[in-house]
Amino acid sequence: ILSYPYNVSSQIVNMESSRKESLIGTHFQLNLGLNGSSGTVDRTNYSLEGRVDINSDNWQRFAVISYKREEKDSSITSNNTFMHLRGVRKISPFLAIEGFIQLSEKPLQKIKRRELVGLGVRLSPYKSIKLGLGVFDENEERILSESRETVRINSYITNSFNISDSASFESTLYIQPDIEDFSELRSYLVLGLRLKISEHFSSIISYENTHDSSPPPSTDKSNSFYGVKFTFEY
């Protein structure tokens with residue numbers, strides 16, 4: 001099953017969980033989804049997600065594309081498009097160079113079109129810790145608001161470690177200030193705690209917080225999300 005983190009209230013997309021650094025070779029995934037209901041509530045949901053990975057010992061390259069549309073009682077409640085292309089060149093076990101292109105459209109969240117082109121360095125001081133620092137050019141067309149083009153710093157840190165044999169913790173933090181005005185800031189924090197309850201049963205407790213100092217019209221600067229998921233594996 002293919003999935004990627006694409007929080008509808010965040011301008012930052014957590015691509016760290018989409019990396020497959022240990023995968024070697026060429027791989028392709030495609031996921032089509034359709035579900036709905038009729039009667040008291042008429043609901044129809046469509047989804048199309050695809051991914052291609054082309055990896056070697058020194059290169060990691062992947063492309064992710066997704067389209068999701070949700071309808072409820074003849075009203076469109078979600079209509080989002082997302083595409084991300086990334087290439088990572090490993091220089092040494094400690095250092096890599098990466099570049100990416102990203103496109104997203106979220107008209108119901110007042111984002112007509114958002115385009116990113118960026119590059120940076122990726123550091124691996126420890127096996128469980130990854131650091132990133134770079135810049136990207138952002139062109140954003142908003143609905144009911146002026147379009148704007150900015151250059152932002154792209155910095156992130158991600159950490160994953162085992163607390164015990166039955167518990168592990170993952171965290172990712174993005175900070176993206178405008179290079180000309182550091183008060184123009186976006187940030188995205190993702191926390192996840194996985195607890196293994198038994199050999200086949202586990203739970204995941206997650207928390208996310210997003211902040212945008214200049215959010216789209218009619219949206220808050222900060223938003224928090226939390227959840228608990230139970231999984232059974234056999």
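Buried means under 20% relative accessible area, and exposed means over 50%. These cut-offs apply to every view of this predicted model.

View A. Aspartate 53 has a relative accessibility of 2%, so it counts as buried. Arginine 51 is buried too, because its relative accessible area is 3%. The two side chains form a salt bridge, with N and O 2.6 Å apart. Side chains of opposite charge can pair when their charged atoms come close.

**View B. Glutamate 138 and arginine 186 join two strands.** Their side chains meet in a salt bridge, N to O, at 2.4 Å. Glutamate 138 sits in strand 7 (residues 129-142), and arginine 186 sits in strand 10. The two residues are 48 residues apart, so this pair links distant parts of the chain. Both glutamate 138 and arginine 186 are buried.**View C. Arginine 186 also pairs with aspartate 212.** The closest N and O atoms of this salt bridge are 3.3 Å apart. Again, distant parts of the chain are linked: arginine 186 belongs to strand 10 and aspartate 212 to strand 11, 26 residues apart. Arginine 186 has a relative accessible area of 1%, so it is buried. Aspartate 212 is buried as well, because its value is 7%.

**View D. Salt bridges link up into a network.** Eight names make up the view: Arg114, Glu138, Glu140, Arg148, Arg152, Glu184, Arg186 and Asp212. Look for Arg186 here, a partner of both glutamate 138 and aspartate 212. In the whole model, the count comes to 15 salt bridges.

**View E. Serine 213 contacts backbone atoms with its side chain.** Serine 213 lies in the loop between strand 11 (201-212) and strand 12 (222-232). A polar atom of its side chain lies 3.4 Å from the backbone oxygen of serine 183. The backbone nitrogen of leucine 185 lies 2.9 Å from a polar atom of the serine 213 side chain. Leaving out residues up to four places away in sequence, serine 213 touches Ser183, Glu184, Leu185 and Lys221. Is serine 213 buried or exposed? Its relative accessible area is 18%, so serine 213 is buried.

**View F. The largest nonpolar core has 10 residues.** They are Ile12, Val13, Met15, Phe62, Val64, Phe82, Tyr156, Tyr174, Tyr188 and Val190. Which elements give two or more residues to this core? They are strand 3 (59-72) and strand 10 (181-196). Now pick out isoleucine 12, a member of the core. Isoleucine 12 touches Tyr174, Gln176, Arg186, Ser187 and Tyr188, with residues up to four places away in sequence not counted. Among these contacts, Tyr174 and Tyr188 also belong to the core.

View G. Strand 1 (25-37) and strand 2 (43-55) each supply at least two of its residues. Leucine 30 is found in strand 1. Its relative accessibility is 54%, so leucine 30 counts as exposed.

Terms used
Residues numbered from 1 in each chain as written. Predicted model: local features only at pLDDT ≥ 70, side-chain atom pairs only at ≥ 80, totals over all residues. Heavy atoms only, no water. Core = buried A, V, L, I, M, F, W, Y, C linked by side-chain atoms within 4.5 Å. Buried < 20%, exposed > 50% of the residue type's maximum accessible area, 1.4 Å probe, protein only. Helix = DSSP H or I, 4+ residues; strand = E, 2+ residues; numbered from the N terminus. Contact = heavy atoms within 4.5 Å. Polar contact = N/O pair within 3.5 Å; in protein donor to acceptor, adjacent residues only side chain to side chain. Salt bridge = Lys/Arg side-chain N within 4 Å of Asp/Glu carboxyl O.
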